[in-house]
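Here is a briefing on one protein chain. Please keep the sequence and the 3D view open while reading.

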Amino acid sequence: MITARNRRTGLMATAGVIGGALALTALGGTGYAATGGNGSGTGVASQAPTQSPAPAQTAAPASAAAPASAAAPASAAAPVSAAGQAQTKTQGDQTGAQAASDARIKITPAAGSYSVAVGTPVVVTVSDGKLTKVTVTAVASGTEVAGSLSADGTSWKSTGPLTRATKYQVASEAVDAQGRSVTENATISTVSPANNFIGHLSPQNGSTVGVGMPVTVTFGKAVGDKAAVQSAIKVSSSSGQQVVGHWFGDHRLDFRPQNYWKAGSTVTVTLSSNGVQRTVTFKIGRSQISTVDARTKQMTVVRDGKKIKTIPISSGSAEHPTYNGRMVISEKYRQVHMNGATVGLTEKDGKPSYDIKAVPHAMRLTDSGTFIHGNYWGTDAVFGKVNTSHGCVGLKDVRGGGDSRTPAAWFFDNSMTGDVVVIKNSQDKTKLAPDNGLSDWNMPWSAWVSGSATG
């Protein structure tokens with residue numbers, strides 16, 4: 001599984017808690033859980049992102065093995081393991097697949113649980129294996145909750161108290177009798193005081209992001225009076241662009257202008273409630289729009305209006321075509337563990353179609369598992385010539401990702417969260433859901449405005 005979406009970076013910076021009807025904290029990470037949209041996916045692994053400006057959820061990197069070609073969404077962010085490994089739901093290649101672990105981890109309360117009572121312990125159990133690591137971390141502060149492991153290593157239970165109105169990331173690892181590892185992660189939110197809505201805001205205060213990064217507020221419990229809550233949040237840009245909010249269900253509110261943010265501008269988010277006001281600002285970096293053409297199997301990188309590089313790629317096969325549409329990089333991982341079972345891709349015997357522990361230079365494009373990442377197992381006859389993945393976009397790389405001269409390393413080093421990746425001419429006929437990751441830009445402006453609660 002994966003642990004990346006909420007992991008964003010493991011720690012979030014508090015932007016301010018506003019008393020009364022609305023409390024908001026700013027997340028300091030780069031990813032977040034699936035909120036609907038295309039595909040399945042609610043799990044992620046534990047990893048350590050290299051950059052942190054985006055919404056909140058989870059994904060995680062790994063060590064080294066044989067990668068795949070895409071990962072999926074999760075529900076929360078999880079901390080990094082000692083080895084820096086992460087397992088993410090993906091749509092990757094199956095080349096280099098390894099035998100799956102027999103160990104099965106269960107986390108209680110379940111991933112995505114809201115209004116968890118502070119007196120409820122977090123319990124992690126494993127069957128057919130032993131737990132090797134469990135952490136429960138408060139997203140906003142990074143504070144870990146104390147816990148104890150049973151003598152036989154099959155269960156872990158929190159012993160320290162949980163705090164009200166707090167989002168926690170649970171990350172766990174286990175091995176089976178053959179030493180094969182498995183990870184499971186979840187994000188849960190504790191109950192908040194009556195009449196309070198706890199919202200988590202991204203990007204992080206003081207961060208610099210790409211021109212496609214929306215302002216995202218996720219709420220710990222369903223919002224009933226959307227107009228009142230939205231009215232307490234004002235988003236403006238030094239560019240003078242009109243910024244409008246749009247609700248995705250009852251738990252997520254995004255803000256964006258009609259077109260991408262202007263490069264070099266500053267975005268200000270003002271949070272007001274009961275006479276108390278807090279301000280969060282972030283900067284928009286240079287404009288970088290990368291276009292992947294699944295037909296020609298080339299990616300063109302355009303920065304500030306000028307083409308700076310063309311890179312041969314391999315996208316989704318005819319059986320597993322890549323989504324068409326405008327996507328935004330929400331998470332960056334130097335290495336990530338990709339497992340086909342996390343997105344329902346298994347063989348007839350039930351084993352995952354692929355299980356690759358160290359996919360290098362991975363950047364998430366959708367919550368449902370689309371990544372653009374390094375591929376070291378493909379030959380030169382693949383890139384620019386054949387589409388072979390399970391839905392991800394692969395760039396030539398080396399095992400471990402240690403060669404800065406490879407196309408994957410170059411693109412990773414020259415990209416930031418919030419950068420736009422456009423995929424076109426894929427055989428896929430599915431319409432990319434705007435709430436599948438940071439895919440807000442796929443919604444026409446008229447439809448976007450109609451989703452505002454304040455007119």
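Arg 364 and Glu 331 form a salt bridge through their side chains, at 2.6 Å from N to O. A salt bridge here is a side-chain nitrogen of Lys or Arg within 4 Å of a carboxyl oxygen of Asp or Glu. Arg 364 belongs to strand E23 (residues 355–364) and Glu 331 to strand E22 (residues 331–339), so the pair ties together parts that are 33 residues apart in sequence. Both residues are buried, that is, under 20% relative accessible area; exposed means over 50% and partly exposed in between, with a 1.4 Å probe and protein chains only.

The model is predicted: local features need pLDDT of at least 70, side-chain atom pairs count only at pLDDT 80 or more, and totals for chains, interfaces and linings use all residues. Residues are numbered from 1 along each chain as its sequence is written, and side-chain values use heavy atoms, with hydrogens and water left out.

**Overall make-up and confidence**

- The chain has three helices and 26 strands. These are DSSP runs numbered from the N terminus: helices are H or I with at least four residues, strands E with at least two.
- Of the 455 residues, 60% count as buried.
- Take contacts between residues at least 6 apart in sequence: 72% of them join residues at least 24 apart. Contact means heavy atoms within 4.5 Å.
- Mean pLDDT is 79, and 77% of residues reach 70 or more. pLDDT is the predictor's confidence in each residue, from 0 to 100.
- Residues 26–36 have pLDDT below 50, and this stretch has 84 contacts in the model beyond near neighbours in sequence.
- Residues 39–98 stay under 50 as well, with 417 contacts beyond four places in sequence.
- Where pLDDT is low, the predicted coordinates should not be read in detail.

**Other salt bridges**

- The whole structure holds ten salt bridges.
- Arg 180 pairs with Asp 102, with the closest N and O atoms 3.1 Å apart.
- That pair links distant parts of the chain, 78 residues apart. Arg 180 sits in the loop between strand E8 (167–175) and strand E9 (181–189), and Asp 102 in the loop between strand E2 (87–89) and E3.
- Arg 180 is partly exposed at 23% relative accessibility. Asp 102 is also partly exposed, at 39%.
- Asp 176 joins Asp 102 and Arg 180 in a network of salt bridges.
- Arg 405 bridges to Asp 403, with the closest N and O atoms 3.0 Å apart. Arg 405 is exposed, with a relative accessible area of 72%.

**A four-stranded sheet**

- Four strands make an open sheet in the order E3-E4-E7-E6, with antiparallel pairing. Two strands pair if DSSP finds at least two bridges between them.
- Strand E3 (104–108) and strand E6 (147–149) are the edge strands, each pairing on one side only.
- From one strand to the next, the twist averages 10 degrees. Axes are lines fitted to C-alpha atoms, for helices over the stretch in contact, and angles run from 0 to 180 degrees between N-to-C directions.
- Strand E4 (residues 123–127) and strand E7 (residues 155–158) run antiparallel and are joined by three bridges.
- Val 124 has Trp 156 as its bridge partner in E7.

**Aromatic pairs**

- There are five aromatic pairs in the structure. Rings of Phe, Tyr and Trp (its six-membered ring) pair if their centres lie within 6.5 Å; planes under 30 degrees apart count as stacked, over 60 as edge-to-face and the rest as tilted.
- Trp 261 and Phe 282 have ring centres 6.5 Å apart and planes at 90 degrees, so the pair is edge-to-face.
- Trp 261 lies in the loop between strand E15 (252–257) and strand E16 (266–273), while Phe 282 is in strand E17 (residues 276–284), 21 residues apart. Both are buried.
- Tyr 376 and Trp 377 are edge-to-face because their planes stand at 85 degrees, with ring centres 5.2 Å apart.
- Tyr 376 is buried at 14% relative accessible area, and Trp 377 is buried at 16%.

**Val 382**

- Val 382 is in the loop between strand E24 (371–375) and strand E25 (393–396).
- With a relative accessible area of 14%, Val 382 is buried.
- Beyond its neighbours within four places in sequence, Val 382 contacts Ile 313, Ser 314 and Thr 388.
- The C-alpha atoms of Val 382 and Ser 314 are 6.6 Å apart, although 68 residues separate the two along the chain.
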